[in-house]
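Here are my notes on this model, point by point. Please read them with the structure open.

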Amino acid sequence: MFPTRKLAALPCGHRSKWVVLALWLVLLVALGPLAGKLMGAEDNQASSWLPGSAESTLVLDEQRAFQPVDTAQAVVVYQRPSGITPADRAEAARDAAEFRTVPHVAGTVTGPVLSGDGQAMQTIVPIDIGTNGWNDLKPAVEQLRRIAADGSNGMTTHVTGPGGIGADQAAAFAGIDSSLLAATVSVVIILLLLTYRSPVLWILPLVSAAGALTVAEALIYLLAKHAGLTVNAQSAGILIVLVLGAGTDYALLLTARYREELRRHQDRHEAMAFALHRAGPAILASSATVIASMLCLLVAEMNSTSGLGPVCAIGVLVALVAMLTLLPALLVIVGRWVFWPVRPGYGTPEPTRTGRWAHIGAWIGGKPRKVWVTTALALGVCCIGLVWLDANGLSTAGTFTGKPDSVVGQQVLEQHFPGGTGAPLTIISTAEGAPAVREAAGTTPGVAATTPPVVHEGQALFQATLTDPPDSQAAKDTVDRVRDAVHAVPNADAKVGGNTAVILDAGRAAGNDNRAIIPLVLGVVLLILALLLRAVTAPLVLIATVVLSYAAALGISAFFFAHVFHFEGQDNAFPLFVFVFLVALGIDYNIFLMTRVREESAQVGTRQGALNGLSATGGVITSAGLILASTFAVLGTLPVVGFAEIGFAVALGVLLDTLVVRSVLVTALTMDLDRHMWWPGQLSRPAPVAETAPSGQR
């Protein structure tokens, strides 16, 4: 027996299967309690999302010298269209005094300040967010809203500003782990029942995937707590979907091959060993592409993006280990009856050889060039939707699928006060250069007012209120003008931060990440494919089909976002996230198909090998694609536009890859290119012609 086959047999040996099960039980008992602590280890402070070297991030760090705690300003807005009365002003003053007693309120409560038109007031309340990010904002802002609403006597009240917006974001993400987990598990159970048509078999892949998620969350918690790994609500939510989706994919492929081998081997232990030996390389290569692609995110400037990479890589690695050890052990322990009511008996025919996908393959084989050209043109037409792609960031209002109180309050604030009220720029300089820096900033077009500088240990801090809304392009342009002006002040070492500067720096960092990471991921995946398939042509063809699928999915998604869902645009990082997930996960199905095609081609030639490979893997890959697409679609249930867009685009892309690209386009290209698909490998060489006649005759 070859060493690889001996290794494959370890999880399914007569005795070793029990050892594997025992090890996993010990692991789950030891790490299970730690998995539940991951949410408490999330870092949702602004610095966990921002580019680490950006000017706005440096300002956040330096302003702690002036404010020993991290604060977010909540702006309480009062409005009476008929005009604010003296009684209203007295009520707002009483509210301001009560705001000071609210837990987590720290610093000076400013206001109430009457608007120029006399129809609104604002009170600025600084809230200490400590080390818990927006988690401490939510209860404080809820209490501010109750206080402002009580006794308002007909005034409308809202809480907005960075504090109010952060609290509404925390509410949108509240329970994300539990709600995503429940929704994802429900979807996986339903689809596994439909796939296996067995009332029992679905339990084993789900148990294995759940065990992988538990161990992954525990490991990530330990790394976040003791090794400085950054985990936020975004990465924790995507981890759940990715581990359950990818793990179930691997389980489907292994189980399908195991069922094949049970028809060829009387001993189920031997059948599983052969299944692992044959399907293992494809699963390993598939997971390697995902892990390598995720680790490419480490080069990102955005902390939220670079932190997502190792979190997802760990999740996929643990899912891989679970599906190659725990699942085989469970399947062998329970025996053939788990496939009831359709048990794969020894010596029974393999139904995939004459099934639906065999007929589809035969249809493609009759006219492969016409099929792939037509399919490629259709996908190219879908790419036209890219003209509606607007990945330039989302405004505050555009962040939510609904319209929370902070968004309404921001709109009221902009009607009666300068647009940047409540979210000023923060400028830090040397104490000596502060007067000149303040003068330069105050005379910059787009700046409404500046505050007197506060001096501490040789540094000065002051704020500048903008005339435009803080998330508008006009405000971002003002940030650039202010930076140019204050940087020109000699020996002042001036830096400009604040909410608008954060938005500007994050957008630029995301653009840099797109340009750096997308080519890197393509190169890594291409290298893995070349090593796996031992060819050059096939990897290039597969990469081209996946990129075409990505562009088509992005085009269709952009059209729907603009004309069906009426979203205002996409987050700056949207193209990168969709690309990484679609290329890393989409290439999985090509790997599953082409490794089987290569195995078959060595025996019967490439054209027949493509037909056999599609017949054998078509059903299981389609089921895997439906499950993965459905798990990502669950992200669309969250009231956050960024998650909804990623979930929709990735789900659509996976479906395109599964139903169109892999089953039709790749199969037709393989049949048309024939043995040249494997150039320059051995399979690309013509088969020798046997001599069957005397010399000089054929």
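1. Is Cys382 buried, partly exposed or exposed? Cys382 is partly exposed, because its relative accessible area is 26%. Keep in mind that the model is predicted.

2. How many disulfides are there? The count is zero, with a pair of cysteine sulfur atoms required to lie within 2.5 Å. Cys382 takes part in no disulfide. Its nearest cysteine sulfur belongs to Cys383 and is 6.9 Å away.

3. Cys312 is a second case. The closest cysteine sulfur to that of Cys312 is in Cys296, at 13 Å, which is too far for a bond. Cys312 is buried, with a relative accessible area of 0%.

4. Next, the surface. A nonpolar patch is formed there by Val381, Ile384, Val387, Trp388, Phe559, Phe560, Val564 and Phe565. Together these residues have about 720 Å² of accessible area.

5. Val387 sits in the loop between α13 (368–382) and α14 (396–399). Val387 counts as exposed because its relative accessible area is 64%, and the cut-off for exposed is over 50%.

6. Helix α9 covers residues 233–262. Does its length fit its residue count, or what span should one expect? At 1.5 Å a residue, the 30 residues of α9 should span 44 Å. The end C-alpha atoms of α9 are 43 Å apart, which agrees.7. Is α9 enclosed or open to the outside? Of its 30 residues, 29 are buried, so α9 is largely enclosed by the rest of the structure.

7. Strand β4 spans residues 156–160. Four of its five residues are buried, so β4 is largely enclosed by the rest of the structure. Its partner is strand β1 (residues 71–79). The two strands pair in the antiparallel sense, over five bridges. Across this pairing, Val76 stands opposite Val159 of β4.

8. Strand β9 (residues 495–498) is covered on both faces. Lys495 and Gly497 are buried on one side. Val496 and Gly498 are buried on the other. In a regular strand, side chains alternate between the two faces of the sheet.

9. Which strand is joined to β9? Strand β5 (residues 425–430) is joined to β9 by four bridges, and the two run antiparallel. Lys495, one of the buried residues of β9, is the bridge partner of Ile428.

How values were computed: Residues numbered from 1 in each chain as written. Predicted model: local features only at pLDDT ≥ 70, side-chain atom pairs only at ≥ 80, totals over all residues. Heavy atoms only, no water. Patch = residues over 30% accessible without salt bridge, like charges linked within 9 Å, V, L, I, M, F, W, Y side chains within 5 Å. Areas by Shrake-Rupley, 256 points an atom, 1.4 Å probe, with all protein chains shown as cover. Salt bridge = Lys/Arg side-chain N within 4 Å of Asp/Glu carboxyl O. Buried < 20%, exposed > 50% of the residue type's maximum accessible area, 1.4 Å probe, protein only. Pairing = 2+ DSSP bridges. Expected span 1.5 Å × (residues − 1).
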